[in-house]
Amino acid sequence: MSSVTSSAIGDRLAAPGDRRWLILVVVAVAQLMVVLDATIVNIALPSAQQALGFANSERQWVVTAYALAFGSLLLVGGRLGDMFSRKQVFITGLIGFAIASAIGGAAVSFGMLVAARALQGAFGAILAPAALGTLVSTFQDPLERGRAFGVFGSVAAGGGAVGLILGGVLTQYLSWRWCLYVNLAFAAIAVAGALAWIRSSRPAARPPMDWPGAVLACAGLFLIVFGFSHAETAGWTAALTIGSLVGGVVLLAGFVAAEQRASHPLLPLRVILDRTRGGSYVAVGISGIAIFGTFLFLTYYLQVVKAESPLTTGLLFLPMIGCILLSSNLSSIALLPRLGPRVLIAAGMLLGAGGMAYLTQVTVTSSYASAVLPALLILGLGFGMIFAPAINTATAGVARQDSGVASALVNTMQQVGGSIGTSALSTIALTATAGYLVTHHAAALAPAVAATHGYTVAFTVSAALLGLGFILAIVLLPSKHRLAELRNAATAAPAAAAPAPAAPAPQPAFEAIPVALCSCSPVVTPVAGSAATPVR
């Protein structure tokens with residue numbers, strides 16, 4: 001994202017040593033708050049649905065509203081960090097996120113809860129880039145920066161697991177509402193720390209905001225998600241369903257046309273039209289559909305069908321999170337240099353498809369140990385093999401001025417893909433459930449059997465999508481030799497522009513550091529020893 005580079009001359013001066021590590025604590029708390037919401041609300045969703053009485057066809061909007069707002073506004077949030085004082089943007093994001101959380105916790109209707117979740121996503125999109133940019137500008141020394149990103153990445157990656165456990169504890173022993181109220185404590189700590197320790201600085205120059213592009217992209221994505229959701233209740237041939245889907249496509253086409261003419265486009269099309277980066281974004285988008293669907297449908301299966309408590313449900317997801325962390329680090333550090341992204345991501349897609357196919361066998365009487373746990377382990381290993389290599393590949397050979405956008409798009413594709421996929425898979429699952437109830441007798445377990453049937457149909461579609469991802473990975477993604485060529489070319493470009501005497505062996509100009517493996521939130525930083533330096 002563009003805000004990971006210095007936004008002001010004052011930002012380039014590192015903070016005093018004592019204050020730097022306090023700033024790291026503040027930023028880590030803010031990131032933990034954002035990452036928690038990716039999993040904590042999923043665990044609370046069945047209880048929230050029971051309390052507010054909304055229909056099964058509407059429940060996916062609690063997840064989708066957040067993901068859609070966060071993903072579609074992330075580039076806008078990054079640009080705001082470049083336009084104004086990053087400290088002010090950071091604090092604004094924290095306060096806004098806290099207010100939205102309070103509204104959601106006090107929700108008395110489904111509409112109020114969804115609106116609060118969308119507001120959370122919007123302020124999260126402002127907060128996340130500002131947090132990353134603050135970290136980059138605070139730590140200038142390569143060694144200290146590596147340590148800071150290590151801490152930050154551990155907090156962000158572990159936040160998903162913390163959210164599962166905390167969501168279960170709060171929902172089971174207090175109320176589902178506390179899964180939203182808890183953000184007020186995190187925000188209060190982070191705001192106090194930001195006011196005390198983060199320096200305020202003004203940008204040297206303000207890049208203009210591409211408001212037409214932002215509006216077209218957000219409106220187009222919303223219409224597509226709404227169209228998929230509306231199809232469940234009104235049917236695929238309903239006028240509003242068709243109109244929404246067609247309108248969404250038209251608006252996205254208008255976004256592409258607008259970006260071609262904009263002097264400062266929100267999304268330079270050259271970034272996504274590159275075959276290597278395009279393949280990486282497709283891989284992240286498909287995996288986003290799968291992981292969002294896994295959390296949503298398995299949460300309902302475990303809590304509603306199998307009658308597990310919220311806390312137990314959260315604990316039962318931990319093996320998948322652990323496998324994601326293990327596989328991501330192993331893939332990024334040891335396997336990517338040896339095998340290249342094509343082999344790793346294609347293998348991850350195959351594992352993901354196998355895990356989803358395994359889940360299609362679950363029934364009302366299936367046990368967790370035999371029917372769910374093996375699939376979670378396989379899915380975790382597969383997703384880990386996709387996430388980290390895709391992040392690194394998406395930023396390989398990228399021009400220096402596009403490095404922020406290329407990095408942000410990884411998160412955007414995962415969130416937007418997840419929101420569109422969740423709405424579509426929810427419609428497919430609920431349609432299958434309704435069809436099963438019509439064609440089968442109304443026995444005592446009919447509702448549970450029908451719901452499980454709907455989930456397995458959704459898992460089948462997800463397996464097919466991951467199978468398609470396997471084919472696309474082989475066709476679009478580069479080999480390890482091609483990846484090395486792209487990185488060397490990125491290094492050679494600045495060297496050709498400003499020749500220097502005897503330089504060391506070429507190294508990548510930029511590297512991507514995945515700081516939230518479950519949500520694919522990366523930071524792009526210059527590699528020590530490369531010719532690249534942070535620029536606006």
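## A helix with a bend

The bend at a residue is the angle between two axes, one fitted to the seven residues ending there and one to the seven starting there. With that in hand, look at Pro46, where α2 bends by about 40 degrees. Helices here are DSSP runs of H or I with at least four residues, strands are runs of E with at least two, and both are numbered from the N terminus. This is a predicted model, in which local features need pLDDT of at least 70 and side-chain atom pairs count only at pLDDT 80 or more, while totals for chains, interfaces and linings use all residues. Residues are numbered from 1 along each chain as its sequence is written, and side-chain values use heavy atoms, with hydrogens and water left out.

Helix α2 covers residues 40–52, and its 13 residues reach 18 Å from the first C-alpha to the last, close to the 18 Å expected at 1.5 Å a residue; the expected span is 1.5 Å times one less than the number of residues. Of those 13 residues, 10 are buried, where buried means under 20% relative accessible area, exposed over 50% and partly exposed in between, with a 1.4 Å probe and protein chains only. Among the buried ones are Ile40, Asn42, Pro46, Gln49 and Leu52. Just after α2 comes Gly53, with a positive phi of about 70 degrees.

## The chain as a whole

The secondary structure comes to 16 helices and two strands. Buried residues make up 58% of the 536 residues in the chain. Take the contacts (heavy atoms within 4.5 Å) between residues at least 6 apart in sequence: 81% of them join residues at least 24 apart.

## The largest pocket

Rolling a probe the size of a water molecule over the atoms shows where empty space is left. The search uses a 1 Å grid over the protein atoms alone: a cavity is a set of points where a 1.4 Å probe fits but cannot get out, a pocket is an open set with protein on both sides within 12 Å along at least five of seven lines, and lining residues have an atom within 4 Å of a point. Grid points are joined across faces, edges and corners, and a volume is the space filled by probe spheres set on the points.

The largest pocket has a volume of about 690 Å³. Its lining has 27 residues, and the closest to the centre are Leu221, Leu267, Ile272, Met413 and Val416. Two or more lining residues come from each of α3 (60–83), α8 (211–234), α9 (239–261), α10 (269–273), α11 (275–305) and α14 (403–439), with α14 giving the most, six residues. By class, the lining has 21 nonpolar, six polar and no charged residues; Ala, Val, Leu, Ile, Met, Phe, Trp, Tyr, Cys and Pro count as nonpolar, Asp, Glu, Lys and Arg as charged, and the others, Gly among them, as polar.

## A cavity beside α2

Five cavities of 30 Å³ or more turn up in the whole structure. The elements giving two or more residues are α2, α5 (110–138) and α7 (178–197). Val41, Ala44, Arg117 and Trp176 are among the lining residues, which by class are nine nonpolar, no polar and one charged.

Helix α5 is mostly covered, with 24 of its 29 residues buried. Its end C-alpha atoms are 41 Å apart, which agrees with the 42 Å that 29 residues should span at 1.5 Å a residue.

## Residues worth a look

Where does Ser426 sit? Ser426 is in α14 and counts as buried because its relative accessibility is 4%. Leaving aside neighbours within four places in sequence, Ser426 is in contact with Gln60, Leu296 and Phe297. Ala100, in helix α4 (residues 86–105), is buried at 1% relative accessibility. Beyond four places in sequence, Ala100 touches Ala116, Leu119 and Gln120.

Gly235, between α8 and α9, is partly exposed at 23%, and its C-alpha is separated by 9.6 Å from that of Thr427, 192 residues apart along the chain. Ala307 lies in the loop between α11 and α12 (310–359); Ala307 is exposed, with a relative accessible area of 62%, and has a positive phi of about 60 degrees although it is not a glycine.
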